[in-house]
There are 2 protein chains.
Amino acid sequence: MHKKLWIPGPTEVKEEVLNQQAKYLVGHRSNDFTLLYDSILTQLKSFFKTEQHITVLTASGTIFMDISGRNLIRPGKKAICCVNGSFSDRMHKAIVGCGFEADRIDVEWGHAIKPEMIREMLEKNDYDILTMCHNETSTGVKANLKEISDVLKDYPETLLVVDAVSSMAGDLLLPEEMGTDLLFASSQKCFALPPGLAVGIVSQRALDRAKEVPNKGLYTDLIGIFSYYEKKKQTPSTPNISLLYAMDYKLKELLTEGAENVAKRHKEMADYTHEWALSHGFGLFAEEGYRSVTVTTVANKLEKDVNELNKALGEKGLIIANGYGKLKNQTFRIGHMGDHTLDDLKELLKAIEEIWNL
Amino acid sequence: MHKKLWIPGPTEVKEEVLNQQAKYLVGHRSNDFTLLYDSILTQLKSFFKTEQHITVLTASGTIFMDISGRNLIRPGKKAICCVNGSFSDRMHKAIVGCGFEADRIDVEWGHAIKPEMIREMLEKNDYDILTMCHNETSTGVKANLKEISDVLKDYPETLLVVDAVSSMAGDLLLPEEMGTDLLFASSQKCFALPPGLAVGIVSQRALDRAKEVPNKGLYTDLIGIFSYYEKKKQTPSTPNISLLYAMDYKLKELLTEGAENVAKRHKEMADYTHEWALSHGFGLFAEEGYRSVTVTTVANKLEKDVNELNKALGEKGLIIANGYGKLKNQTFRIGHMGDHTLDDLKELLKAIEEIWNL
C-alpha cells in the first residue's frame, strides 16, 4: 500500500502530476523544449514576483551549496555561515569542501540566528557571502530574512545566500523584498514534485560577482548557465525533460492558487499542528516567533515511540518523519507542505491520536 | 504528433518505461529506497561485469566532467585532454573551468586519437588524468580504449577518464578490460531513459586518488558519495526517485538481452546505416576503423537540405539530427541507439529515401 508522505520531503505528489512525467520526450535542442522552458521560467518569475534571474538545474538542491561557494566567493575572501541545524551545517560543509574559509555563527538547534549576532560578526570581518537556511528541515526553525537583510544593507560586499529548500513555494518568499542574492530550493518539497530539479533565483549583483570569480567549473558555473540561456533560451546540459513537464503543470496550479493563498494554506496547517501538539502535551522544538509554516518539529515530551507510530500509520497508508539525526525520538516531524490541505492534516492528526490514545 | 527520436540523445523512451516514472514516491531515507538503489547498482555491476565502484547521480552526465577535475587532479598537477569533437572539447573546458591546467591533443574532427600521439605527450610531461570521449556524439568517432589504456600502463600515475555518455549500455564497455578509472554516462542515451541521471563507474585507484585531492566540494565529492553509500546504502542528497524507478525497470530489460547482444544489435544498426549512406552516394564523416556503433555522422556529399528533410520526417512522426555545431548541413546524424532495432531503422531510412528521392 502506498503511504501518503507527511515527511518533510520528498512530499506527496499527486497522480496527475506524476503522470506528466510519462509524456513522450522532445529533443532538448528543439523549439518545443524552448517553449517548455520559457513557460516554466515565466511562471516562476510571476509566482515569486521577481525580476531576478532564474534557472532550473537538473540536480538536487544541494548543488546550489557548491554553486554558492564556487561562484560568489572571490579568491582570498571568505564566508560567514549561520548554523542552527543540520542543513545550515551542511552548507558550511559545502563551502569548506569547496576550499573556502568559512566562519560560523552557531546557535543551539531549535533557535534562530538573530540580526545582532550577524552584525557583530560583520563588524569584525569582511565576508563575501552570508549563508542562511530559511527553513531548517531538521528543527522546524524559520529565519526572518527581512531582519537579516536589513543588517546586510550596511555591508554591501556581503551577498545573502539562502537555502529555501523546504519552504520555497510554500512560505511566501519574495527575493527583492527579502533582499536575497541567491535563493534556492529543490523540486521535492513545497513544489510537490518528485526530486531531481533545483531552482535558483539569482540577483544581478550575484551574477556580477560570479563574473569576478575564477574556477567555477562547468556544471556549476552560473555565468555559463545564464549566458547559454541568454543566447539559446535553453540549458547548457541536457535537462530532465520529464520532470520539467511536471513542473510546468504544477506551476500552473500554484499560480492559480496564488503565492499568498499558498502561504496562507501552509500557515493554517502549521498553526493547527502547533495547537494540536501543545494541547496534547507535546512541545514545539522551534523557538517561538521563528516557527516554520511547512514543517513542525514536535518535541516528544510524552516520550512516545515514533517508530511504532509510523508502523501503525503505515497500515493506514500514512507516514510522518522521526527527528533528524541526533533529534531522533526526542522529536518527530510533520511535513505539512506541498499539496496537503488542512482537511488532510486533520485526518492525519486524528490517526495519530487514535494510535497513541491521546 | 509525437516524433520518434532518432537523434543522438535524448533517445526514444518506450511508454512502459516512461510510465515507471508515474509511480508513487517513497522517502529517500526509507528501506524501500535502499532496496531500489541496491537493485540498480547490482544490475549495473552485472551488466558491466565490473567490481569497480558505481554511483548514480541526479544530474546530467556533464557533472562527471567537473568531478573528473575536482577529484582526480592533485594540486600542482595537470590533465591531458584528447580533443576530436565538441564533447571532448567540452571536457577540456570543464577541467580548465575548474581551475586546472590541461594540455590538449587535438586531431581534426572525424578522426581518432592514436596511441602514439598519447605516448609522445606522456613521455614529455606528468599528467594526473587523461581524458577521452569514447563516442564523439558530434562526429560519430569511437575511440579504441584498449589501445589507449595499454599505453597508460607505462604511466601508472595517469588515470583514464572516459566520457561514454552516448555509448554506455549500447556499445560493449567493460571497465576492467578497457582499463578505465572513471567511466561515465547519462541516462538519456543508450539506456533509453529520460535525461536526469548520470552513471559513474570508478576504479579503486581513482577513489584512492580522490582521497589525496582537496576541495572536491559537496555535490561533486566522490569520497563523500561513496562513504555515505558504504554507511547507509543510500545517496547523500535526495535522488531522482521517479527516474530511478524507470532505470531499475530498464536494467532488467538490458540484462535479459545481455550486454553482448545489446552491442551486437547496435553494431548491426551501425553497419546497415554505413552501407546505406555509402550506397546512396553519401560519405561517412568518421575515420574508418573508428566508427561509432550508436550514432552515424553522414557526410552530406549530395548537399541535401537537412532541415527540409526533418520537416518532412516530422509529418511521418520521425526526427533525425542535423550536424553538430560547425558541421550543420555538411553532415547529418542518425542516433541508432537505445531501444531501436534494425527493423525500425530500415523504416526510417526508407522514409528518408522517399523524401529525398534517393
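Predicted model: local features only at pLDDT ≥ 70, side-chain atom pairs only at ≥ 80, totals over all residues.
Local features here need pLDDT of at least 70, side-chain atom pairs count only at pLDDT 80 or more, and totals for chains, interfaces and linings use all residues. Residues are numbered from 1 along each chain as its sequence is written, with chains lettered from A in the order in which they are written.

The largest nonpolar core holds 210 residues; such a core is a set of buried Ala, Val, Leu, Ile, Met, Phe, Trp, Tyr and Cys residues joined through C-beta atoms within 7 Å. Buried means 20 or more other C-beta atoms within 10 Å of a residue's own, exposed means 12 or fewer, and partly exposed is in between, with C-beta atoms placed from the backbone. A:Leu130, A:Val199, B:Leu130 and B:Val199 touch the most other members. Leaving out residues up to four places away in sequence, B:Val199 touches B:Leu44, B:Ile54, B:Val56, B:Met168, B:Phe184 and B:Ala185 (contact: C-beta atoms, placed from the backbone, within 7 Å).

In chain A, helix α6 (residues 145-152) has A:Leu145, A:Ile148, A:Val151 and A:Leu152 as its buried residues. These cover an arc of only 125° around the axis, so they sit on the same side of α6(A); the arc is taken over directions from the helix axis to the C-beta atoms. Their cover includes α5, β5, β8 and α7 of chain A. Helices (H or I, at least four residues) and strands (E, at least two) are DSSP runs, numbered from the N terminus.

Over in chain B, B:Asn307 belongs to helix α12 (residues 306-315). B:Asn307 is exposed because 11 other C-beta atoms lie within 10 Å.

Terms used: Contact = placed C-beta atoms within 7 Å.
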